[in-house]
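Please open the structure in your viewer and keep the selection tool at hand. The stops below are to be visited in order.

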Amino acid sequence: MFNSIHKFTLLAGLTAGLLSCGSDPNDTGTEFAPNMYNSVGYEPMTQLQGDTNKINPYGMNMRLPVEGTVSRKKYTGADSLKKAFLAQELLAKTIPSDSISYSEALLKNPLAATPENIEAGKLQYERFCQHCHGEAGKGDGLVAKAYKGVPVYSSDALKDVNDGHIYHVITHGKGRMWPHGSQISSENRWKIVLYVHELQKQ
Amino acid sequence: MFCKKLTLVKFLFSFLFLLASTTAMLAQDAAEGETLFKNNCAACHNTSDETLVGPGLKGVTGRRPIEWIVKWVHNPQAVIASGDKYANDLYNKFNKAAMTPYPNFSEAQIKGIVAYIDAANAAPAAPAAGAAPAAGAAAPTAQSSGGMMEVLLVGLLIIMVIVLIALLSIVNSLSKLAKAEQEEGKSFFDTISENAKSLAANSAVKTGIIVLVFLLGGKATIDAAYGVGIHQGYAPEQPIKFSHKLHAGDNQINCNYCHTGVYEGKGANVPSANICMNCHNAIKRESPEIQKIYKALEKDEPIQWVRVHNLPDLAYFNHSQHTNVGGLECKNCHGEIEKMEVVEQRSSLTMGWCIDCHRQTDVNAKGNAYYDKLVEVHNKDSKTPLKVQNIGGLECSKCHY
């Protein structure tokens with residue numbers, strides 16, 4: 001009794017079954033050779049089920065840099081600008097976060113205020129500052145509406161603050177602002193300092 | 001008598017004039033005060049009684065005499081140091097956060113600011129600027145339109161087959177009627193099943209069905225085989241319901257703010273919790289999802305985000321080469337992240353997909369001395385611009401080693 005109705009239901013069931021193998025957003029799907037996909041060495045942002053790092057806490061592959069160390073990779077070589085960057089960073093590391101007056105007195109921007117450097121500073125400002133401090137440094141960024149207490153760069157209190165002050169505030173935070181030293185390289189912080197000086201004039 | 005009247009009128013006039021001029025002066029002061037307040041004070045103080053960073057300044061003239069306010073604005077630390085009780089209480093109430101001193105403000109300017117604060121409170125209360133409630137965390141279920149299309153097509157096919165069978169049986173019974181061979185006691189459905197049986201016996205229909213099954217099955221098999229190892233559409237649930245739409249879309253926070261390595265390193269980096277805290281020390285502190293960040297920080301535990309884009313280890317990829325050197329934008333590969341509640345892998349990340357782009361894309365050689373000689377050599381014997389494939393973008397060992 002294998003008539004056409006049976007055949008038909010079989011066919012319908014088969015197609016429906018095949019189509020219902022839809023996408024589960026939590027599933028990566030079939031993998032052919034996972035042992036070739038997964039790194040044998042520990043990758044910084046990868047954590048595999050059942051094969052986690054046994055040395056580091058929580059099976060993480062990354063570790064914090066040793067306290068008090070400075071990454072030297074960007075500062076090797078004879079370039080005088082690199083040397084100036086290194087000198088400023090080493091000096092800045094010795095200034096505690098609550099001593100902004102030391103930064104004001106001691107730190108000096110190794111970068112000259114050339115149009116290229118200011119343009120580079122603008123780029124970094126747009127990436128790291130603009131959403132709070134606003135396009136023109138008026139404290140009117142989109143996030144500032146929710147965060148509150150973002151100052152105006154051109155205000156009487158801030159329009160004259162110097163290189164070291166701005167660098168210190170980016171690195172360690174001030175008032176409502178939290179430290180951003182972990183996110184922005186010291187070279188890029190100096191570029192931002194240049195651009196903030198431009199905004200102070202506006 | 002007349003003289004006296006004149007004096008009185010004079011007096012009245014001068015009084016009126018004085019009154020008018022003082023109000024005008026006050027208004028002018030308040031106008032200047034408004035600019036000063038907005039530029040210097042509004043970051044931390046409200047004109048209402050709502051606390052922002054520092055206290056709300058509504059009715060400040062009632063709380064403190066103007067001389068005290070002037071002294072305070074000129075140098076808050078000196079007032080605190082002088083042992084003033086009110087100042088010290090205030091200082092302690094706000095966690096010893098010192099106000100910025102404004103020694104350059106004249107007394108008239110400070111009075112102007114105070115006049116503006118009073119004027120702002122005298123004015124009919126403006127409707128509170130509605131902080132729009134954050135969009136619900138309801139993540140839209142990602143339904144691929146392709147799947148819908150297939151279901152629709154199969155449904156239509158099934159309906160067509162049923163209609164065909166019904167029509168055939170009607171034709172059959174009609175022809176029987178025409179022959180006047182009436183069979184009694186036979187229902188419509190019996191006729192249909194009878195006809196279906198005869199249809200199944202038909203060899204052409206049999207072959208048709210078999211071919212159809214083969215075709216459909218073949219297509220499904222090929223599709224599934226091509227999909228092996230491709231995670232396109234993968235949108236795993238994350239431990240914290242973080243919305244890229246809210247952060248990168250609505251608030252336009254740059255990708256680089258959190259993904260700190262994207263212009264500098266191989267990986268883009270998943271932000272550590274201290275970067276979340278740069279904003280969430282103040283914003284949406286009560287949200288249960290934000291509380292998860294606080295817990296992770298308290299326990300010094302990592303947040304176990306689920307990685308979405310998993311390039312196989314056998315292929316090398318470096319973000320900085322593409323973003324910084326090549327000048328690609330994030331969305332070129334990741335799609336419209338700023339519109340995604342839950343991040344999904346949009347591109348297939350197959351080798352064909354990489355190669356396609358390497359064949360089509362011009363090298364971003366502008367202002368990059370590294371490419372100068374390569375461009376020069378290339379332009380000698382070619383009229384097309386230097387593409388990625390011309391500098392080894394298709395070499396196996398560029399990515400596989």
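In which loop of chain A is A:Lys148 found? Select this residue: A:Lys148 sits in the loop between helix 7 and helix 8 of chain A. The model is a predicted one. The phi angle of A:Lys148 is near 70 degrees, a positive value in a residue other than glycine. Most residues other than glycine have a negative phi. Around A:Lys148 there are 16 other C-beta atoms within 10 Å, so the residue counts as partly exposed.

Next, select B:Leu349, in the loop between helix 15 (330-334) and helix 16 (351-360) of chain B. B:Leu349 is not a glycine either, yet its phi is positive, about 55 degrees. With 19 other C-beta atoms within 10 Å, B:Leu349 is partly exposed; a residue is called buried if that count is 20 or more.

Return to chain A and select helix 8 (residues 163-172) and helix 9 (residues 186-200). Their axes come within 9 Å and cross at roughly 125 degrees. Helix 8 and helix 9 of chain A are therefore oblique to each other, and the crossing is right-handed. To see the contact, display A:Asp163, A:Ile166, A:Tyr167, A:Ile170 and A:Thr171 from helix 8 of chain A, which meet A:Arg189, A:Trp190, A:Ile192, A:Val193 and A:Val196 from helix 9 of chain A. By class, this contact has 7 nonpolar, 1 polar and 2 charged residues.

Keep A:Val193 selected. Leaving aside residues up to four places away in sequence, A:Val193 touches A:Asn109, A:Asp163, A:Ile166 and A:Tyr167.

Now turn to the largest nonpolar core, which has 55 residues. The residues with the most contacts inside this core are A:Tyr167, A:Ile192, A:Val193, A:Val196 and B:Ile113. Among the helices that each supply at least two residues of the core are helix 5 and helix 7 of chain A, and helix 1 (2-41) and helix 6 (107-122) of chain B. Helix 9 of chain A gives the most, with 7 residues. A second, separate core of 5 residues includes B:Tyr234, B:Ala235, B:Val342 and B:Val343.

Finally, colour the two chains separately and look at their contact. How many residues does each chain bring to it? Chain A provides 50 residues and chain B provides 58 residues. Helix 1 (4-19) of chain A is one of the helices supplying at least two residues of the side of chain A that touches chain B. The largest share of that side, 8 residues, comes from helix 1 of chain A. By class, the side of chain A that touches chain B has 23 nonpolar, 20 polar and 7 charged residues.

Technical notes
Residues are numbered from 1 along each chain as its sequence is written. Chains are lettered from A and ligands numbered from 1 in the order in which they are written. This is a predicted model: local features need pLDDT of at least 70, side-chain atom pairs count only at pLDDT 80 or more; totals for chains, interfaces and linings use all residues. Two residues are in contact if their C-beta atoms, placed from the backbone, lie within 7 Å. Helices (H or I, at least four residues) and strands (E, at least two) are DSSP runs, numbered from the N terminus. Ala, Val, Leu, Ile, Met, Phe, Trp, Tyr, Cys and Pro count as nonpolar, Asp, Glu, Lys and Arg as charged, and the others, Gly among them, as polar. Axes are lines fitted to C-alpha atoms, for helices over the stretch in contact, and angles run from 0 to 180 degrees between N-to-C directions. Angles under 35 degrees count as roughly parallel, over 145 as roughly antiparallel, 65 to 115 as roughly perpendicular and the rest as oblique. A crossing is left-handed if the near helix is turned anticlockwise from the far one by less than a right angle, and right-handed if clockwise. A residue is buried if 20 or more other C-beta atoms lie within 10 Å of its own, exposed if 12 or fewer, and partly exposed in between; C-beta atoms are placed from the backbone. A nonpolar core is a set of buried Ala, Val, Leu, Ile, Met, Phe, Trp, Tyr and Cys residues joined through C-beta atoms within 7 Å.
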